[in-house]
Amino acid sequence: MSKLSELGAKGCAPWLDFVDRKFLEAKGLEKLVAEDGLTGVTSNPSIFEKAMGHGDAYDATLAAFDKENPGAATIDRYEHLAIQDIKAAAETLKPVYDRLDAKDGYVSLEVSPYIADDTDATIAEAEKLWHAVDRPNLMIKIPGTDAGAPAISATIAKGINVNVTLLFSVDAYIKVAEAYATGLEERVKAGQPIDRIASVASFFISRIDSAIDKKIDERVAAGDAESDALKAVRGKVAIANAKMAYQWYLDFLKSDRWQALAAKGAQPQRLLWASTGTKDPSFPDTLYIDTLIGPDTVNTMPPKTMDAFRDHGTVAETLTADIDEARHVLAEADRLGLDLNGVTDTLVAEGVASFVKAFDDLLGAIGQKQPAA
């Protein structure tokens, strides 16, 4: 059994944070499913920009689309390409979805980052993409912004699976977890089934440490009187934050509200660890996988991080270990004025902006691929 399969056996589903036409055509995804027990795929504007904006893998498909749809808008040309890739990935994962009775086997497609602060537009686009892909094992990615929470409830109420993205703070996570429950409750009131609806809450990890550790390094370099205490929490805040989110999740599962939904077959909204590639070379390259392993979770990894874990990752149930230490790290971060709440608010805004930039670049690259005369 590969280490990635062992990870899945511990309850932390290995997902791939990557999709690319050549990779799909070369049966790369099938190989990961067969050999490593892979159970899901995530995509985002940055991933599609790298895939579609470079090389010629999509040119023939785009030319055929342009011939049948002269004068099509650039966004429609992009969506045609993305939907083909997502459908292909969904077909590869469909046997996983069937074997696990809709509990996993999902591929995610994100709504436009341009509408991250528009609830109604997000709901409409989620429904449009859901029907365009037309696969039961699709998840629509919706950002966990203030506008995203009501969109999540409405989308779940329509029977559409949701991957909530760009979560950094425990408070933001709680808001979207409750939004998921609200959507399920609306379906129950309407007499609709809830047993095959799935959702994940994508909690971003490494970006938190990158931001916090930058503050720490600057203060230590300046000779801060608390340098020893600052260095003691370096590289630990993001993991502690994630562990507290999971503790809330475990408590929520015991609540009367969730138990009423579970009695009707509701699936828990799993926490998904995203941004798990380490950005600091002084940290182990499997740090954000090794330390966040626990039941009913997902870890979505870029290929390089997946390769590293397969080679030398450590499989042990770590997510519920050292909870008192995690609380201490967060208390120290607060005492030291590292402003985790301010950092996470900034990271949400920066995350949306980075996806907008990637989407701009992506549409620009596709726009330059002019239809043949």
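Mentor: Start with the sheet. In this predicted model, 8 parallel strands close into a barrel in the order β1-β2-β3-β4-β5-β6-β7-β8. Strands here are DSSP runs of E with at least two residues, helices are runs of H or I with at least four residues, and both are numbered from the N terminus. Two strands pair if DSSP finds at least two bridges between them.

Trainee: By how much are neighbouring strands turned against each other?

Mentor: By 30° on average, direction ignored. Axes are lines fitted to C-alpha atoms, for helices over the stretch in contact, and angles run from 0 to 180 degrees between N-to-C directions.

Trainee: Which strands does helix α12 touch?

Mentor: Helix α12 (residues 237-254) packs on the sheet and touches β6, β7 and β8. The direction of α12 makes about 170° with that of β7. Contact means heavy atoms within 4.5 Å.

Trainee: And how many bridges pair β7 with β8?

Mentor: 3 bridges, in the parallel sense. Strand β7 covers residues 270-274 and strand β8 covers residues 297-301. Leu 271 has Thr 297 in β8 as its bridge partner.

Trainee: Before we go on, what are the ground rules for the numbers?

Mentor: Residues are numbered from 1 along each chain as its sequence is written, and side-chain values use heavy atoms, with hydrogens and water left out. As the model is predicted, local features need pLDDT of at least 70 and side-chain atom pairs count only at pLDDT 80 or more, while totals for chains, interfaces and linings use all residues.

Trainee: Fine. Why is β5 called largely enclosed?

Mentor: Because 6 of the 6 residues of strand β5 (residues 162-167) are buried, β5 is largely enclosed by the rest of the structure. Buried means under 20% relative accessible area, exposed over 50%, and partly exposed in between, with a 1.4 Å probe and protein chains only.

Trainee: What pairs with β5?

Mentor: Strand β4 (residues 138-143) pairs with β5 over 4 bridges, in the parallel sense. There, Ile 140 has Val 162 as its bridge partner. Strand β6 (residues 199-204) also runs parallel to β5, joined by 4 bridges. Asn 163 is bridged to Val 200 in β6.

Trainee: Which helix does the chain cross through from β5 to β6?

Mentor: Helix α9 (residues 170-189), in a right-handed β-α-β crossover. Right-handed means that, with the strands pointing away from the viewer, the path from the first strand over the helix to the second runs clockwise. β4, helix α8 (residues 148-157) and β5 also make a right-handed β-α-β unit.

Trainee: New topic. Which residue does UniProt list for "active site"?

Mentor: Lys 141, in an unreviewed UniProt entry. UniProt positions follow the numbering used here, feature names are shortened, and annotations may be inferred rather than shown by experiment. Lys 141 lies in strand β4.

Trainee: Is that lysine buried or exposed?

Mentor: Buried: Lys 141 has a relative accessible area of 5%. The Lys 141 side chain reaches the backbone oxygen of Ser 43 at 3.0 Å. Leaving aside neighbours within four places in sequence, the contacts of Lys 141 include Ser 108, Glu 110, Asn 163 and Thr 165.

Trainee: Where does Ser 108 sit?

Mentor: In strand β3 (residues 106-110). Ser 108 is buried, at 0% relative accessibility. Apart from residues up to four places away in sequence, Ser 108 touches several others, among them Trp 15, Ile 86 and Met 139.

Trainee: Which side chains make polar contacts with Ser 275?

Mentor: Ser 206 at 2.7 Å, and Lys 279 at 3.5 Å. A polar contact is a pair of N or O atoms within 3.5 Å; within protein, one must be able to donate a hydrogen and the other to accept it, and residues adjacent in sequence count only if both atoms are side-chain atoms. Ser 275 lies in the loop between β7 and α14 (287-290), and is buried at 15% relative accessibility.

Trainee: Last one. What is the phi of Asp 134?

Mentor: Positive, about 55°, although Asp 134 is not a glycine. Asp 134 is in the loop between α7 (119-133) and β4, and is exposed at 56% relative accessible area.
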